[in-house]
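Here's a quick look at two parts of a predicted model.

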Amino acid sequence: MSGMAPDPQEFASHLERLALKAVMLAEDDVPALGAFLNDLDALSDKLASAPEAAALVRQLSEAGNRLVLGEIQAPSRAVEFLGLGITLLQQWIQQGNWSQSGEEFQNYCRLSEELGLGIPAAVEAFSDPERGAAQFLDDPELLANFLTESREHLEGIETRLVYLEQNPGELSAINAIFRPFHTIKGVAGFLNLQQVQELSHEVESLLEEVRGGRLEVTSELVDAVLAGVDLLRRLLEEVEAALADTRELQSFDLAPLKERLQALRHTSAAPPRLGEILVDQGVLTPEEVNESLKDQDRREPHQPLGEILVGEGKAPAQSVAQALVQQMALARRGGEAAAPATIKVDLAKVDLLVDLMGELVIIQSQVRQNPAMAAAADQKLVRDLGQMARITSDLQRIAMSLRMVPIGATFRKMVRLVRDLSHKTGKLVSLHLEGEDTEIDRNMVETIYDPLVHLIRNAVDHGLEPPEERQAQGKAAKGELWLRAYQKGGSIVIEIEDDGRGLNREAILKRARERSLVAAGESLSPAQIDNLIFEPGFSTAKELTEVSGRGVGMDVVKQTIEHLRGKIETSSQPGKGTCFTLRLPLTLAIIDGLVIRVNDEHYILPAAGVRETVKLEARDCFTVTGRGELIRVRDQLFPLVRLHHLFGAGNGGGSPAESLALLVEHEGENRALLVDEILGKQEVVIKSLGPLFQSASGLAGATILGDGRVGLILELGGIFHLQHSQMLPGNTNLQEKQL
Amino acid sequence: MAQAARQLDQENTALHDKEGKYLTFTLADEDYGLEILKVREIIGMMGITAIPQTPPYIKGVINLRGRVIPVIDLRLKFGLPSLEYGERTCIIVVDVLSRLGPVQVGVVVDSVSEVLNVGGGDITPPPAFGVQIDTGYILGIAKAKGGIKILLDIDRVLAAEELAGLEKSSG
C-alpha cells in the first residue's frame with residue numbers, strides 16, 4: 001500500500017475525532033451524521049496521493065449521504081459500516097495498510113455489498129479475485145445453510161405475496177417480502193452465487209418501487225414476482241445439485257424474466273409519500289409539493305423528491321431528512337412479526353434425545369421398583385426419588401415436544417396452491433386459514449402435505465362452482481375455502497371445508513354401481529354414499545382436468561392418513577358444501593396402549609381400537625363351519641380371533657368360555673380378540689422393528705416395557721388380515737410356516 | 001495353463017484382501033471367524049421377544065440401550081441342532097449392510113473364543129463339501145493354531161435371512 005497522507009500525525013488525530021463521532025452516531029440523528037460527513041469530506045481532500053484510502057472514504061461518504069436521505073433499508077447496518085470504515089482507515093494510517101484477511105475488512109465488504117454500495121474498484125483490486133470463486137465450494141456448510149434459509153424465505157414470500165395481492169395497500173406486507181429478497185441477495189453476493197444475486201436484485205428493485213409507493217400491486221406484478229420465486233428455487237436447486245456433484249454451476253437464462261420485471265418497473269409512478277409527510281409537518285404546502293413533483297417528472301435521470309426539494313431550497317435539508325427517517329420508521333413498524341427466538345437442530349439429535357429420555361424413564365422405574373429400594377426406610381430418599389420422577393417426566397414431555405412443529409408452514413404452502421388453482425380454473429376463491437399454531441409431529445407434517453394438496457385441489461376443482469353458477473344460486477361469486485387445524489382430545493383435527501356444490505350423491509352412486517362397488521339393489525345411507533369416494537379407482541369428475549388427477553386420489557389420501565394411524569371422514573350438504581375431516585394422532589412417537597398377555601408373551605394393543613372388554617361365558621360361544629368361532633355380546637355376533645394361534649405363541653388358549661375377550665374395531669370391522677390377561681394401560685414409545693421386519697403383518701412396531709424387555713405393538717388391520725387369510729379354505733399359509 | 005495360473009493368482013489376491021483380525025467363536029464344536037470390523041459388541045444372553053410369523057432361526061428382538069435390534073440364532077440358521085442357552089451363550093452384535101441400508105443384528109453363538117490375527121497366506125478358498133454349512137456364507141478357511149476356522153461372510157448370511165424374513169411376513 002503505497003502513498004502516505006501528507007501529515008500522518010494530523011491525519012491520525014483527524015481520524016481519532018471521526019472514530020469518536022462514528023461511535024456516537026445514531027441512525028436517526030441527522031445533525032450528527034451531517035457533522036460526520038463534513039469531517040469525512042475534509043479527510044478525502046488530504047488523500048489525493050492514496051487512491052485506496054480515498055476510495056474507501058468516498059464509499060463511506062456515499063453511505064453517509066444515503067443514510068441521511070433515508071435510502072438505506074437497514075440504517076443500523078449502515079452505521080456499523082461507517083464505524084468499520086473508520087477502523088480500517090485507522091489500521092491504514094498506523095500500519096500503512098489494512099489487513100485483507102482481517103475480520104474488519106471482511107465485514108466491511110459484506111456490509112458494503114448488503115448496503116448495495118458494491119466494493120470500490122480500488123479496494124476490490126486488493127482482494128484476491130480467486131477467493132470468491134473458491135468460496136462457493138469451500139464452505140459447503142455455509143452454502144447448505146444458505147439454501148435452507150433461502151427456501152424458507154421463499155416460502156414466506158409466496159404466502160405474503162398472495163396476501164399482498166388481496167391487501168395491496170399494506171406496507172408491512174411489502175416490507176415483509178422485500179426484506180427476505182434483500183437477505184437472499186446479500187448472502188448470495190457473499191457466496192458468489194451470481195445468478196441468484198442477479199435475479200433477487202432484479203426482483204428487489206421492482207419491489208423497491210412498490211415500497212416507495214411508485215408502483216401499484218397488481219395481479220401481473222404478483223405473477224412476475226412469483227415467477228421470480230420459482231426461478232430462484234430452480235437456481236437454488238441447481239446450486240444444491242452442483243454442490244452434491246462438486247461440479248460447476250450451470251447458468252440459467254434469466255433474461256426473459258428480467259425483462260418482464262424491468263418492464264413492470266417502468267410502468268407507473270405513484271406519488272411518493274415523502275411530500276405528504278412534509279405537508280403534514282407544515283414544512284411545505286401541497287401546491288409546493290405538486291410543483292416539485294412535476295419538476296421531478298421532467299428531470300432525467302430520475303431524482304428523488306427529497307433532493308429536488310432541498311436543491312430548490314423549498315425545504316431545509318434537515319426537515320427532509322427527518323421526514324425520511326420518519327417515513328422509514330413508519331415502514332419498519334408493523335413489518336416485524338413477533339417471532340420467538342429459535343435455533344436449528346439436527347433432527348437425528350432430537351430423535352436420539354427422545355430415545356434416551358425413554359431409556360431414562362425406564363431405568364428410573366426399574367430403580368424405583370427394585371426391592372432394595374422398596375425396603376429403604378429413608379424418607380428423604382423416597383422424597384428425592386419422587387422429585388426425580390417428576391423432573392424426568394417433565395423432561396420427557398419437553399423432549400417429545402421438540403419434534404412438534406406448527407402446522408402453519410404447511411398451511412401457508414396451500415395459499416400459493418389455491419391462488420394458482422383459482423387462476424387456472426377461473427374460479428374465485430378466498431382461503432381462510434385457522435389454527436396455524438396447532439402443533440403436529442414433524443414426521444407427520446411431510447406426510448400430510450400430499451393429501452392436503454389433493455383435498456384442496458378437489459375442493460377448488462370439483463367442490464366450488466364457477467362465479468356465474470354461484471351467483472345464479474344466490475351465493476357470493478367468491479367461493480370460500482377453510483383450512484382449519486385444532487387439537488381435540490388426543491388428536492389433531494384438520495378440516496378442509498368449502499361452500500361449493502357438495503358431493504353429487506347420484507353421480508357417486510351411479511359410478512359405484514358401474515364399477516360394481518355397490519350391488520344393484522343395495523340401498524345406502526347418504527353418509528355411506530359419501531364415503532364411497534374413498535374406494536380405489538373412484539373419481540366423479542366428468543372429464544379429467546389438468547388440475548385434479550385421474551381418479552387415483554381419494555383412496556390414496558385415505559391410505560396415507562390411515563398409515564399415520566389417522567382417520568378421514570367427509571360430510572356434505574348438497575348445494576352448501578363439503579367438509580373433509582382428518583383426525584391424526586398427536587404424535588407418531590407415543591401411543592396409548594393396553595398391555596395384554598397371551599401365554600408368556602406380552603403385547604401392546606393400541607387403546608384407540610379397543611371398544612370394550614368382555615368376560616365370556618360358554619353359552620355365548622359358537623363355532624360355525626367355514627366361518628370359525630363367533631361370540632355373542634348383547635345379541636351381536638363377533639368373529640373370534642385367537643392370538644395364540646395367529647402368533648403361534650404356545651398352544652390353543654383353551655375354550656373361550658371363562659376367558660377374556662377384547663372387542664376391537666378397525667375400519668368398521670369388529671372382532672373379538674381372545675387374551676389371557678390384561679396387565680394394564682400405559683403410554684408407550686413406538687420404536688421401529690427395523691428394516692428386517694418392516695412388513696411383518698399384525699405388528700405396528702415395538703416398545704421397551706417397564707422391565708426393559710421389548711414388547712410388540714399389535715396392529716389390528718394386519719391381525720384381521722392374517723385371520724382372514726387363515727380362514728380361507730386351501731390357504732394354509734400359517735401352517736406351512738409352523739412346519 | 002497361463003490362464004489357470006492367472007485365475008489362481010486372482011484368487012490368491014482376493015484371499016489376501018481378507019487378511020486381518022477376526023473374532024472367533026464356536027458353534028456346534030466348529031470354530032468360526034467374523035471380521036472384527038463388523039463386530040459392534042458382545043453381550044450376554046438377555047430376554048428375547050419372539051416375533052410371530054417368522055422362521056425359527058429368527059429368535060426375535062432385544063432392547064440394546066433403547067434400540068430394538070433383531071437376533072438370529074446361527075445354529076438354527078445353519079440347520080444345526082439347537083442347544084439350550086447357557087452361561088457361555090453370547091449375542092454378537094454385528095453391523096451388516098442390508099438391501100435396506102445398514103442395520104445392527106445380534107447373532108447367537110455357543111461361545112466367543114478370541115480375536116485372531118489371520119494372515120492372507122493362511123486363508124484358503126472354501127471347500128466344495130465337508131463343512132456343515134452353505135459354502136456361500138463362507139469367505140474362506142483359515143489355518144490357525146489349534147485347527148481351522150471358518151471365516152463367515154456375515155453380510156451374505158444375514159442378507160439371505162432378510163429375504164426369507166420378508167417373504168415370510170408378507171404372506
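## Chain B, then a helix pair in chain A

Let's start with chain B, whose secondary structure comes to 3 helices and 11 strands. Reading along the sequence, you'll run through the pattern α-β-β-β-β-β-α-β-β-β-β-β-β-α.

How much of chain B counts as buried? Of its 171 residues, 49% do. As for contacts between residues at least 6 apart in sequence, 55% of those in chain B join residues at least 24 apart. The accessible surface of chain B is about 8,300 Å², and carbon and sulfur atoms account for 52% of that.

Now over to chain A and a pair of its helices. Helix α8 (residues 140-166) of chain A packs against helix α20 (residues 408-425) of chain A, with the axes 8 Å apart and an angle of about 50° between them. The crossing of α8(A) past α20(A) is left-handed.

Which residues make the contact between α8(A) and α20(A)? Here they are, helix by helix:

| Helix | Residues in the contact |
|---|---|
| α8(A) | A:E155, A:E158, A:T159, A:V162, A:E165 |
| α20(A) | A:R412, A:K413, A:V415, A:R416, A:R419, A:H423 |

Sort the residues of this contact by type and you get 7 charged, 2 polar and 2 nonpolar.

Notes
Residues numbered from 1 in each chain as written. Chains lettered and ligands numbered in written order. Predicted model: local features only at pLDDT ≥ 70, side-chain atom pairs only at ≥ 80, totals over all residues. Heavy atoms only, no water. Axes fitted to C-alpha atoms, helices over the stretch in contact; angles between N-to-C directions. Helix = DSSP H or I, 4+ residues; strand = E, 2+ residues; numbered from the N terminus. Left-handed = near helix turned anticlockwise from the far one by under 90°. Contact = heavy atoms within 4.5 Å. Nonpolar A, V, L, I, M, F, W, Y, C, P; charged D, E, K, R; others polar. Buried < 20%, exposed > 50% of the residue type's maximum accessible area, 1.4 Å probe, protein only. Areas by Shrake-Rupley, 256 points an atom, 1.4 Å probe, with all protein chains shown as cover.
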